[in-house]
Amino acid sequence: MKKILILIFGFNFLYGADFPDRIISLGPTLTEQLYLLDAGEKVIGNTIYCKIPEDAKNKEKVGTIIEQDLEKIFILKPDLVIASSMTNPKTIKKLNVLGIKVVQFTYAKNFNEICRQFLELGEIVGKKKEAEKIIEEVRGKVELIKKKTIIRNSAKEGQKVFVQIGAKPLFTTTKDSFINDFIESAGGINIANTKTGLYSREEVVAQNPDVIIITTMGIAGEGEKKIWKKYKTINAVKNNRIYIVDSYKLCSPTPVSFAETLNEIVEILYPKKINE
Amino acid sequence: MSKKLFRWSIQILILTGVLFTVSIFSLCIGSSGIPLKKIFSTILEGRGSTEYSIIFDIRLPRIILGFAVGGSLSLAGVILQGLFRNPLVEPYTLGISGGAALGVCLNIVLGIYHTSVLSLPVSGFAGAVLVVLIVYFLTLKKGILKIQGLLLTGVMISFISSSLIMFIMAISKVEDLHGIIFWIMGSLEEPNMLLIKITVLLSVFGLFGAYLFYRDLNAFALGEEDASHLGVDTEKTKKALFILSSLLTGCAVSVAGVIGFVGLVIPHFVRMLIGYDHRILIIASFLTGGAFLIACDTIARTVIAPIELPVGVITGIIGGVMFIYFLNKRK
């Protein structure tokens with residue numbers, strides 16, 4: 001028994017020593033998640049777009065989401081660099097050549113994957129328990145919302161939704177994206193069926209969505225809203241149901257902000273009704 | 001004659017000096033802010049320190065690659081301009097770069113590069129050669145290469161390949177899209193030392209290869225007919241130089257991405273400064289091209305650090321402005 005205990009403690013000790021203390025994050029969502037995991041003080045560098053939470057702004061900036069300054073990363077002597085799906089593969093290879101450990105998180109395809117990556121991140125930085133607690137809480141919230149929306153869905157109130165995430169060319173979400181998850185979990189039906197995200201305006205008019213959700217895309221969102229208003233036959237235009245949602249919230253969610261944004265989408269799809 | 005030789009030696013010495021100055025300058029500056037004083041002591045102390053690693057593992061490979069790519073591109077420019085006696089001919093206007101780019105894009109989308117890093121330069125070269133062959137056979141009339149048609153066909157092929165690249169981007173998955181965009185923006189950051197070595201070897205090989213043809217290129221300056229009267233096997237020379245320049249371009253483009261302007265501007269610039277004789281022009285362009293790209297890359301990585309600009313942004317702006325300035329001054 002003693003031996004086992006020693007083994008466990010020894011293992012824990014060794015494992016504990018493996019956790020990184022100097023982390024550089026190369027993505028805003030990753031930075032945000034590190035703060036959620038209470039590992040914010042371990043972050044020594046991030047990108048110029050890492051602005052949430054407030055404290056992330058004070059960290060050393062090592063570049064943008066897609067291009068980083070290798071020298072700057074190297075001189076900060078990180079134990080771990082966390083790369084996003086947008087990080088240049090050459091940068092990752094070069095960091096490996098320089099002997100810096102890099103973990104890359106790929107593009108999460110749905111809510112489950114977002115949760116799984118969050119847990120993985122928690123494990124890597126030694127905050128497994130915190131991660132599990134947060135995920136449990138978030139899953140509870142999302143399940144609750146889903147339960148309510150499924151009732152709506154079965155009552156044939158399912159709303160047809162078109163999500164626009166890019167203008168010129170018109171860009172929507174693919175089925176294998178968490179944005180699709182947002183719509184379906186909120187009880188909506190994503191009308192787009194595309195593998196690349198490119199979509200034609202004609203197709204949207206023909207499919208006649210009840211709701212159009214546009215991301216802000218800087219300031220382009222407002223302009224796009226005006227363009228949609230020209231197509232009077234679309235239900236969403238008739239009933240004045242074109243909404244603009246913050247790009248960052250919709251396109252780069254953490255598990256926590258996923259639940260929040262999902263709430264927002266539910267309110268958009270079923271105004272007032274959901275809380276009855 | 002010996003006076004000429006003397007002048008050329010001086011010019012080459014000066015250019016080599018410029019190249020070394022630019023390289024050392026580039027070695028010394030960067031965003032990590034290692035002070036100048038510390039650089040010498042770091043180099044003397046040898047391996048082990050962070051500073052040493054930054055200078056020799058991060059900055060030096062970039063400088064070497066910049067030299068090879070800049071040299072290759074301007075060499076290809078000199079060869080093609082000399083061959084066709086047309087100031088607008090260069091790897092880009094002939095569609096060679098476009099072909100190389102298309103080859104690399106296909107490689108990325110099909111995921112071939114996962115199998116071997118070497119597949120990237122190979123596919124770049126394959127694309128370049130394919131375009132060269134297409135251009136060549138389309139403009140080959142009755143066994144004679146017509147220069148007028150060549151440029152137009154080249155420009156068209158260039159457009160076609162950039163449209164095809166856009167087509168590939170439109171139908172490809174988001175993950176692959178990133179790979180293509182990164183590569184198109186162009187960067188001298190290359191983690192694989194083998195690729196850097198190959199590029200250097202090829203560029204030096206290209207320099208010697210081109211030098212074998214200096215007589216022929218000088219003869220071509222008189223016109224193709226006169227060149228053949230002077231005893232140049234024009235068709236054979238054209239073929240050899242065509243392939244040599246696509247080899248240089250294909251390799252440079254596949255490693256560093258699309259870097260414009262070097263191949264067009266540097267040869268003109270060198271001609272203005274040094275003269276039209278290919279005996280000196282070839283070497284001088286090679287050295288100047290290398291120095292120019294190293295300088296541009298240094299600016300690209302430091303001007304708004306920690307953000308790194310694509311090096312093509314700097315070559316385009318500096319090269320273009322400098323060229324227009326000198327062109328007007330000369331008039």
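**Briefing: chains A and B of a predicted model**

B:Ile181 is partly exposed, because 14 other C-beta atoms lie within 10 Å; a residue is called buried with 20 or more other C-beta atoms within 10 Å of its own, exposed with 12 or fewer, and partly exposed in between, C-beta atoms being placed from the backbone. This is a predicted model, in which local features need pLDDT of at least 70 and side-chain atom pairs count only at pLDDT 80 or more, while totals for chains, interfaces and linings use all residues. Residues are numbered from 1 along each chain as its sequence is written, and chains are lettered from A and ligands numbered from 1 in the order in which they are written.

- B:Ile181 belongs to helix H7 of chain B; helices (H or I, at least four residues) and strands (E, at least two) are DSSP runs numbered from the N terminus.
- Between the C-alpha atoms of B:Ile181 and B:Met169, which are 12 residues apart along the chain, the separation is 8.7 Å.
- The contact between the chains takes 24 residues from chain A and 23 residues from chain B, two residues being in contact if their C-beta atoms, placed from the backbone, lie within 7 Å.
- On the side of chain B that touches chain A, at least two residues each come from helix H3 (50–84), helix H6 (147–171) and helix H7 (174–185) of chain B.
- That side of chain B comprises 10 nonpolar, 8 polar and 5 charged residues; Ala, Val, Leu, Ile, Met, Phe, Trp, Tyr, Cys and Pro count as nonpolar, Asp, Glu, Lys and Arg as charged, and the others, Gly among them, as polar.

**Overall make-up of chain A**

- Chain A contains 12 helices and 9 strands, and 40% of its 276 residues are buried.
- Of the contacts in chain A between residues at least 6 apart in sequence, 57% join residues at least 24 apart.
- Chain A is divided into domain 1 (2–106) and domain 2 (156–275), with bounds from an automatic or database domain assignment.
- The centres of domain 1 and domain 2 of chain A, taken over C-alpha atoms, are 33 Å apart.

**The open sheet of chain A**

- In chain A, 5 strands form an open sheet with parallel pairing, in the order E3-E2-E1-E4-E5; two strands pair if DSSP finds at least two bridges between them.
- Strand E3 (60–61) and strand E5 (102–104) of chain A stand at the edges with a single partner strand each, so one side of each has no neighbour in the sheet.
- Strand E4 (residues 80–83) of chain A pairs with E5(A) in the parallel sense over 3 bridges, and A:Val81 has A:Val102 in E5(A) as its bridge partner.
- Helix H4 (residues 89–97) of chain A packs on the sheet, touches E4 and E5 of chain A, and makes about 155° with the direction of E5(A); axes are lines fitted to C-alpha atoms, for helices over the stretch in contact, and angles run from 0 to 180 degrees between N-to-C directions.
- Helix H2 (residues 28–36) of chain A lies across strand E1 (23–25), strand E2 (43–46) and E4 of chain A, at about 135° to E1(A).

**Backbone geometry in loops of chain A**

- Most residues other than glycine have a negative phi, and most peptide bonds are trans.
- The peptide bond from A:Ile52 to A:Pro53 is cis, with omega near -10°, and A:Pro53 lies in the loop between E2 and E3 of chain A.
- A:Asp38, not a glycine, has a positive phi of about 65° and sits in the loop between H2 and E2 of chain A.
- A:Asn240, in the loop between helix H10 (235–238) and strand E9 (242–245) of chain A, has a positive phi near 55° and counts as exposed, with 8 C-beta neighbours inside 10 Å.
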